[in-house]
Amino acid sequence: MYLRIGGETVLPSGEIVGLFDLDGASRGKGTRDFLSRREKTGRVVQVREDALPRSFALTASDKVYLSPVTTETLHRRIQETENRAW
């Protein structure tokens, strides 16, 4: 199954380690440091340059995808995809 995280970006759901609210998660110093390190090593992908990121997806390949879609919407999309699979 796949999850559309914004724009034309689609990730295999099995590759996603976690979905995080950017506003809430970025308040913690550890998360800010983590995102900064990923950005410096070129492992951050901004899904849409013209939109404010609201969430991020961490993948098993250690990439971070900044998404304009809220975590609530992403979680709902996952549930809808899983329900359709059955």
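Predicted model: local features only at pLDDT ≥ 70, side-chain atom pairs only at ≥ 80, totals over all residues.
A residue is called exposed here when its relative accessible area is over 50%, and buried when that value is under 20%. On one side of helix 2, Lys29, Glu39 and Lys40 are exposed, whereas the buried residues of the helix are Phe34, Leu35 and Arg38.

As for its dimensions, helix 2 runs over residues 29-40, 12 residues in total, and spans 16 Å from its first C-alpha to its last, close to the 16 Å expected at 1.5 Å a residue. Just after helix 2 comes Gly42, whose phi is positive at about 75°.

A positive phi also turns up at Asp62, where the angle is near 70° in a residue other than glycine. For context, most residues other than glycine have a negative phi. Asp62 belongs to the loop that links strand 5 (55-59) with strand 6 (64-67). With a relative accessibility of 25%, Asp62 counts as partly exposed.

Finally, Glu82 sits in helix 3, which covers residues 71-85. Glu82 is likewise partly exposed, because its relative accessible area is 38%. Along the sequence, 78 residues separate Glu82 from Arg4, while in space their C-alpha atoms are 13 Å apart.

Methods. Residues numbered from 1 in each chain as written. Heavy atoms only, no water. Helix = DSSP H or I, 4+ residues; strand = E, 2+ residues; numbered from the N terminus. Buried < 20%, exposed > 50% of the residue type's maximum accessible area, 1.4 Å probe, protein only. Expected span 1.5 Å × (residues − 1).
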